[in-house]
Amino acid sequence: MIMPSMDRVDLLFLYRQMLLIRRFEEKSAEMYALAKIAGFLHLYIGEEAIAVGAIAALRPDDYAISAYRDHGHCLARGSDPGQVMAELFGKATGLCQGKGGSMHLVDAPRRFMGGYAIVGGHIPLATGLAFATKYQTLDLVTVCFFGEGAIPSGQAHEALNLAALWKLPVIFVCENNRYGMGTPAERAIALYADVAGTARSYGIMAERVDGMDVLAVRDLMRKVVEQARGGKGPFFIEAMTYRFMGHSMSDPAHGHYRTKEEVEEHRKRDPLLLLKQTILSNNLGAEADFIQLELEVGEVVTAAVRFADESPFPPLSDLYDDVLAE
Amino acid sequence: MLMSYREALNQAMREEMRRDSRIFLIGEEVGYYQGAFKVSKGFVEEFGPQRVVDTPITEAGFTGLAIGAAMAGLHPIVELMTMNFGILALDQIVNNAAKIHYMSGGQLSVPLVIRGPGSAAHQLGAQHSQSLEAWFCHVPGLKVIAPATPHDAKGLLKSAIRDNNPVIFIEAQLLYGTKGDVGDGEYTIPLGVAEVKRAGRDATIVAYSKMLLLALEAADQLSREGIEVEVIDPRTLKPLDIPTIVASVKKTGRLVIVEEGWHFCGLGAQIAESIYAAAFDYLDAPIQRVTGEDVPMPYSRPLENAAIPDKARVIEAVKTLCGTQ
Ligand SMILES: Cc1ncc(C[n+]2csc(CCOP(=O)(O)OP(=O)(O)O)c2C)c(N)n1
Ligand SMILES: [Mg+2]
């Protein structure tokens, strides 16, 4: 049965967004190997359905905020891939003029309020954004993405309690990819089998979702965004996912904290593959559509790299700019 | 014996843990992952998970836990994956570890080492590139060490572990792979003792951690140009060995202080004040400071390079003092 939410245009759009992130990330890895990108680089490959599904349920003026694995959220929010790549290259034309880098993308006009590299540190910021929109009596919501590794942190707990206490319109999206660097959730989180339960203990409504299924993520988000917009307070989503690559470029693809077989097992539930199957089996698209999307996205990513490559580095006179606001 | 800075730290902890079962290592990824920078390689295999404790990402929690354990007679070594994350544990370090001995009138003590890498590496961005040693040095009740060579790292870490106070031990990502001669057999280096790393007569450079390597390179080049620089590594930043610096300044009459941290309220300001107080009459010119720029670390390579002291700036500072520029 074709559900009302299964519209051909919508589905192909979701697929395109996930494909854009996938190809962008693969290209970033290549650029890292060529030393065009440096520092820490954390790829979002395998987790695309969460950013794309969640952000598809937002209005353009809602807020989104993320941790350091942030390219996917930024691109899903609609940021220009050229400007994102230029930021990774440290170029003057980057989203943050080269000051931020991979872990600190910000696109304020698109209400992407940033990537943050201190685990747990941006969760209170999300409650602050939500506090502000409530204070300003705007009907906006804030969505906050973070890894399950942030769950034990004190900042997460303080933020959850505040959000519940003051019924703030914030949606916490926990990307549970089973690992924080080399540590599996069961060695880090007391309630590892029910991370959403952490939020419930603060009186926050919470649900677990298949984070490989972009439609499931989007549909749950649609429901909870409306609730939050309507003044029902925060919601917590535990999205079950898996990172197909190493923690960062300095961590081998599977490492010895997990087996190759485990990675291969999860790759069978590749979010792009799952959506493609859904589209094909519901006759909402054909192989030709996917070939077309590959071409389109390929061109976008190639153009992004060209733009980044041809852009100048910031002049040294920029060093002291923006330390303080005018 | 030639070994890396990383191996020297590994040996220091290993020897101490073999000697004293009260010592345990705790932090993120210290066990099965062998340490984020592989400093604790082989530890969980040798000492087991009870003494090599992997934690969740909870710096305030596990640092506080270590302080509590120290109060009850254990000797914890806390590994911070980087000193930037130590900011999350700062309440525990400043409000508890540093004060408990004093507040209790000496009844309780906190024998504890908190170690991990400080300073910038390559383009890690503003939240991962900070040199925060001045913050720790400001707090009464803490000792602070920042060794530059494998030999010093090993000897000082062993002393830090045997000390009965909270000791902040600052390493550097870019030092882990550097190699140097490490003394054979059992040795320790006392805290609070600087070392003259190179003798000279024309000017003195004080530099520590990564910046020592920069100072030595600058001294090499200056020597080829006929300027002989004396290079001093305080090694322990608190308590600071002022007499060794004073003795050098009395000889050279000129002082350059190099640090990677921010200029304003940086450690160099304190060192300069101490030297002005103790050796003003011996100075031929005002003390020069070479520091990091007062900005959050930019990601972009050329901007980052401009924000961190380099050899050219050290050489320029020495030449300015010597009147050859
Ligand atoms: C406070 C703090 N401690 C340690 C780190 C180092 N670190 C960076 S990412 C990470 C693992 C985080 O895992 P998770 O939150 O699950 O996110 P994932 O990488 O899986 O997306 C750690 C320990 C950090 N950035 N911040
Ligand atoms: Mg994770």
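Tutor: Let us begin with a term for how covered a residue is: it is called buried under 20% relative accessible area, exposed over 50%, and partly exposed in between, using a 1.4 Å probe and protein chains only. The model is predicted, so local features need pLDDT of at least 70 and side-chain atom pairs count only at pLDDT 80 or more, while totals for chains, interfaces and linings use all residues. Residues are numbered from 1 along each chain as its sequence is written, chains are lettered from A and ligands numbered from 1 in the order in which they are written, and side-chain values use heavy atoms, with hydrogens and water left out.

Eleven of the 13 residues of α8(B) are buried, so the helix is mostly covered. Among these buried residues are Pro150(B), Leu156(B), Leu157(B) and Ile161(B), but also Asp152(B), Lys154(B) and Lys158(B).

Lys158(B) leads us to the charged side chains. A salt bridge is a side-chain nitrogen of Lys or Arg within 4 Å of a carboxyl oxygen of Asp or Glu, and Lys158(B) forms one with Glu16(B), the closest N and O atoms being 2.9 Å apart. This pair links distant parts of the chain, as Glu16(B) lies in helix α1 (residues 5-19) of chain B and Lys158(B) in helix α8, 142 residues apart. Both Glu16(B) and Lys158(B) are buried. They also belong to a network of salt bridges that links Glu15(B), Glu16(B), Arg19(B), Lys154(B), Lys158(B), Arg162(B) and Glu186(B).

Over all chains, a search of the whole structure finds 50 salt bridges, and the count between chain A and chain B is one. In that bridge Asp54(B) pairs with Arg187(A), with 3.0 Å between the closest N and O atoms. Asp54(B) lies in strand β3 (residues 52-54) of chain B and Arg187(A) in the loop between β6 (183-184) and α7 (195-200) of chain A, so the pair joins two chains. Asp54(B) counts as buried at 15% relative accessibility, whereas Arg187(A) is partly exposed, with a relative accessible area of 32%.

Across the same interface of chain A and chain B, the rule finds twelve residue pairs in polar contact, both at pLDDT 80 or more; a polar contact is a pair of N or O atoms within 3.5 Å, and within protein one must be able to donate a hydrogen and the other to accept it, while residues adjacent in sequence count only if both atoms are side-chain atoms. The contact, meaning heavy atoms within 4.5 Å, takes 40 residues from chain A and 30 residues from chain B. About 2900 Å² is buried between chain A and chain B, and carbon and sulfur atoms give 65% of it; buried area is the accessible area (1.4 Å probe) that two parts lose on being put together, summed over both.

Definitions and conventions. Helix = DSSP H or I, 4+ residues; strand = E, 2+ residues; numbered from the N terminus.
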